[in-house]
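I opened this notebook to record what I looked up in one structure.

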Amino acid sequence: MSYRKLWEAGPRRDAVAVFDSGAEAVGAVCALPSAEGMRVAAASSDGRIQVWDPLTGEQLLVLGEERSAVFALCAVSVGGETFLASGGAEATVQLRDPRTGAPVRTLPGHEGRLVHGLCAVPFGGRELVASGGDDGTVRLWDLATGRLHLVVDAGTEPYDGTHPRRGLCAFELDGRGVLATGGDDGTVRLWDVATGGLIRQFSGEPDRNRGTTCVRYRSDYVYVEPVGHTGPVYSLCAFRLAERTVVASGAADRKVRLWDAATGELLHKLDCAGQSFGVCAVQTAGRALVATVGGGNDDLRLWDAESGELLRTLQGHSGPVWGGVCALPRPEGPLLVSGGGKFDGTVRLWDPAARPGPDPGLRELSDTLCTVPAGDRMLVASGSHNGAVRLWDAENGTRTDVIDCKDGKFNGNWVGGVCALPVAGRTLLAAASHNRTIRLHDPVAGEEVRLIGYYWDPADPDRPGAGTHPLTAEGRPATGEFTAACTVREDGRYLLATCGEQSSGATTWELLASRPVTYVRLWDPDSGEHVRTVGEHAGRLDAMCALPLPDRTLLACAGQNSTIRLWDVATHSRPRELRTTHGRVNALCAVPVEGRTLLASAGHDGTVGLLDPESDVLVRTLRGHREWAEALCLLPVGDRTLLASGSKDRTVRLWDVDSFACVAEIPVHAPVTALAASRERLYVATYGGMLGLAVEG
């Protein structure tokens, strides 16, 4: 089975290379010198350390076992040879030979739960390694002998579940070696490497504008900008700027501060818009730049160290950047290396001298997809969290239309489901949203055919609303906060099936106290009328599909637990319940197998289950994904039909439903949120945008 990329759409991607760790998150990155050139090392949340060649992207080595997380890495020279030091959840420092992966030495000593910082420290013609732990200490080790050189109090506290890293860096100041440490109290301390004496500190302080020290509501309140950090210091680096040494510190208070190491003067405060998990300095074209990454945003920011001005923002990660940032020296100019956090799990390389390209402006998360025939071409429809429904050309990815947009602004109510709906000789696109509306759109004419439900913009209450107020046979409102939609064939015509939440209360107090009820309903797209209510469920249902059986059609629906409910579309009766092991069912799909229709389900346990809806028997469990399985669809390839599954492990797997074998694993470098397909074409929505693939074989 072979595949190739047809097109890609989404936010701007500025990284020059991407390496996928295969783990949920990257905990640390570092540059690793070798005789063959610079290498990139990255530690994963699963305990593995991987080494890549940055020029070719080849993975050269995998160190360690999938056991406990690693939070800190550094390269250190011992006797003229380079070794890799690592620290993490085992509260020890491991020294390995990066050529073979063989362990060289283990340094115990920290009395806490983890080691959260490492750096090489030049001293007396050799290099020591400093390790910071959540026992409150930083320890300096002589790696040649394995002996402890000295211990200092870094002001850190026992690990409390927050970000595990703390800042460490070493530099020379006035002819002596200095070690900088970051504390949980927001203070940066400078220590004499020879004696362990405290040279200077850049004091942290309580934030008087927040928490128990807040004075905001006093009549004489005036906002006071703190001088020092008001949260734990996660990252440190030192660099030369003109005639002075500067220490950059990044902390939980969303600031990176630049300090004069000799005087303690605060030079600049850089607003990072998120907790700063990494800071690094590089020189490009004779200019000192400071790179920052963090947890509140998924980008890398470059600042002018002299002026403190934000120069540019580099985009590419699909989640918080937990693993920090480091410089990768090269003769032609340095690169920057960053490690992605939860569900990103990638290592990305950036050129700080390159100018970013134009921003396409697409940054919404699409979590529902479908294909829509439009005359002689195929379109892909995507529904997003901000209420946008977009149409894409399936072959080249160009955007052809945007639905549910008023005056250039989306309604802010995310789209529960999109599906193609044949009506009177043409195919319409149905989009069901949380704003209690169903929009029927003609993709060929580019116009809205019908609006089912009534919508007004709460941000503009004076503007008249639009739409209708369809009722059930009992005279109750038929629309709700739609969470899923699919097409159902009945008596030679196509109907639209939806799941929609409504409160069961009648008064304000009943509304507040009641549990939402989800109604499964059928709609006539010709008239826009409610046909009938198939069933109801006390709770949320956000996945559904139609199951055509020889004598009837079922609607399979699932929500926030491991149970799948089956309703007969012709009656209003109690559903049959199928129990799964998923923990939570995220996606459903009807699958034809050897003349019968099976129900495929994907869930939080990372598996895909195939169930017989007539006998309620689990036929097979497909295993392979390492994280939540989020999406399913059928993919026709040649004379057979494959089942595609997408996961938060950043892969799409293709399964042969006759042999139940995985025939391809496709890395997409971002968590998958939705899938759709046409003949030999697969369309993938991820945290990083949209992807069109051609699949052959």
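The entries below concern a hairpin and several salt bridges in this predicted model.

Entry 1: I then looked up its pairing with strand E31, residues 377–384: the two strands run antiparallel and are joined by eight bridges. Ala374 has Arg377 of E31 as its bridge partner. Two residues separate the strands in this hairpin, and I noted a positive phi of about 65° for Gly375 in the turn.

**Entry 2: salt bridges.** I recalled that side chains of opposite charge can pair when their charged atoms come close. The count of salt bridges is 34. Arg166 and Asp184 form one of them, with their closest N and O atoms 2.6 Å apart. Arg166 is in the loop between strands E14 and E15, and Asp184, 18 residues away, is in the loop between strands E16 and E17. I found both Arg166 and Asp184 buried.

**Entry 3: a pair between strands.** Asp304 and Arg287 also form a salt bridge, at 2.6 Å from N to O. Asp304 lies in strand E25 and Arg287 in strand E24, so this pair ties together parts 17 residues apart in sequence. Is Asp304 buried or exposed? Asp304 is buried, because its relative accessible area is 7% and the cut-off is under 20%. Arg287, at 35%, counts as partly exposed.

**Entry 4: a network.** I finally looked up Arg584 and Asp542, whose side chains meet in a salt bridge of 2.9 Å, N to O. The two residues are 42 apart in sequence. Glu501, Arg540, Asp542 and Arg584 are linked in a network of salt bridges.

Conventions: Residues are numbered from 1 along each chain as its sequence is written. This is a predicted model: local features need pLDDT of at least 70, side-chain atom pairs count only at pLDDT 80 or more; totals for chains, interfaces and linings use all residues. Side-chain values use heavy atoms; hydrogens and water are left out. Two strands pair if DSSP finds at least two bridges between them. Helices (H or I, at least four residues) and strands (E, at least two) are DSSP runs, numbered from the N terminus. A salt bridge is a side-chain nitrogen of Lys or Arg within 4 Å of a carboxyl oxygen of Asp or Glu. Buried means under 20% relative accessible area, exposed over 50%, partly exposed in between (1.4 Å probe, protein chains only).
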